[in-house]
Amino acid sequence: ANSLIRSFCVILDETMARVVKVFRTLRNHWKKSTFAVCVLSYGGHWLYGKHCDQVMRTEACLEAREYGRQQIAPQEQLRKATVILNPAACGGKANNLFEKNAAPILHLAGVEVTIVKTDYEGQAKKLMELMEHTDMLIVAGGDGTLQEVVTGLLRRPDQEKFSQVPIGFIPLGSQNSLSPSLHLLSDNKVKHITSATLSILKGETIPLDVLQIKGEKEQPVFALLGLRWGAFRDAAATISKYWYLGPLKTKAAHWFSTLREWPLVREASVSYLAPSLRPPDEPLQKPPRPNLLSRIARRLKNYWSPPVEVCFFFCLRIIINIHLAIYFAFKRINDSLMICAEPDDLTVGEFITVGDKKEEDPTLFTKKSTQLEVGACRLQLPEDTSGFYNIDNEEYEAMPVEVRLLPRKLRFFISAERRDQLLAQTHQ
């Protein structure tokens, strides 16, 4: 027994000596020790994040596999999906994000997928002119890709037919402004992409209004979010130049804008039509066509007493910002879009504060804002006006334009959870 106790004490002394030596080494080389702890902590956190991402991918693939195991009739065809993928989105990372997080889900679900990759800006519009029949259209990219696809789709001669094709949006861009309206927000990009892809498989859709924006000579451009013009837009376009200021870059961009020019005034005139009542939702099956005599009587009535559209006009002589936006809601009384114009009497401090808030929420209305609910409008600019519009966060040369609302023009896939949220907000 004494020998065992003696051996235990020797081992304990050796162990304590090693511990003391380790702590002495850490104390003598504290800089290297601190650096090593930081590297190991970051590496452990990074590995844990990669493990969580892989778990989410696996769960999404298992859920998608259940759709692929569903039996179909012998004469029934597989669902066809055409994917418009912009590999340059998200700084060139979009292709890798799609292949790792979205493509396996679509293939496991038994969908016949055709992937078309864009090579340059504006190609998506041309690709839509050549698109053949498909059961669903999937846009994998950001705001720019989505806006090009919608514009190309609605410019087709047979757009009435192809606008019935449901559209899915997989957010892969640096800006995905429509995504919060269709999917639950998530800080994890993998979860955001896999959830958006699964919502396409589940088949829940929602009709969305579209803005038709037409210049005097140009072909129409179509938007899902809105049009923005003025000093706030110009200042927001320079935010990326001040990336080195971190969270202060938005305030810095607006402050430097005031140093270059103040007051930041713009002149424009707006004529508009009053909004019309929103008809009830269209039935899934079209009603039977009226007989020939009824159609002739209706045409004669419209010829002899055509409906009259009353046009209103007001002039914004000095403004800071104009924002045309679609009001997104399930139950609406009118088919309308909102015009928001900021006044010219904002101080420099107010301009910076409001601009910072508008960067987070472009549809933000201040107490001094002029707000109008209209059915259609025409924005007239002075001849010497230069600058750009932001149409769904894409730059277009500023010119006189006519903006019309196309109610419930397109159908988009939406997650069931997000749809329930919107319904709950509507009933409140």
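**Salt bridges and a helix pair in the predicted model**

Lysine 251 and aspartate 356 form a salt bridge through their side chains, with an N to O distance of 3.3 Å; a salt bridge is a side-chain nitrogen of Lys or Arg within 4 Å of a carboxyl oxygen of Asp or Glu. The structure is a predicted model, in which local features need pLDDT of at least 70 and side-chain atom pairs count only at pLDDT 80 or more, while totals for chains, interfaces and linings use all residues. Residues are numbered from 1 along each chain as its sequence is written, and side-chain values use heavy atoms, with hydrogens and water left out.

Because lysine 251 belongs to helix 12 (residues 249–260) and aspartate 356 to helix 14 (residues 348–360), their pairing ties together parts 105 residues apart in sequence. Helices (H or I, at least four residues) and strands (E, at least two) are DSSP runs, numbered from the N terminus. Aspartate 356 is buried, at 18% relative accessible area, whereas lysine 251 is partly exposed, at 36%. Buried denotes under 20% relative accessible area, exposed over 50%, and partly exposed the range in between (1.4 Å probe, protein chains only).

Across the whole structure, 11 salt bridges are found. One of them joins the side chains of arginine 233 and glutamate 395 (3.6 Å, N to O). Arginine 233 is located in helix 11 (residues 231–236) and glutamate 395 in strand 17 (residues 394–397), so parts 162 residues apart in sequence are tied together. Arginine 233 is buried, with a relative accessibility of 4%; glutamate 395 is partly exposed, with a value of 47%. Through salt bridges with shared partners, Arg233, Asp234 and Glu395 are joined into one network.

A salt bridge is also formed by the side chains of lysine 202 and glutamate 63 (3.6 Å, N to O). This pair links helix 10 (residues 189–202), which holds lysine 202, to helix 2 (residues 30–68), which holds glutamate 63, across 139 residues. Both lysine 202, at 42% relative accessibility, and glutamate 63, at 32%, are partly exposed.

Helix 6 (residues 123–130) and helix 7 (residues 143–154) have axes that come within 7 Å and cross at roughly 35°. Axes are lines fitted to C-alpha atoms, for helices over the stretch in contact, and angles run from 0 to 180 degrees between N-to-C directions. Gln123, Ala124, Lys125 and Met128 of helix 6 make the contact with Glu148, Val149, Thr151, Gly152 and Leu153 of helix 7, where contact means heavy atoms within 4.5 Å.
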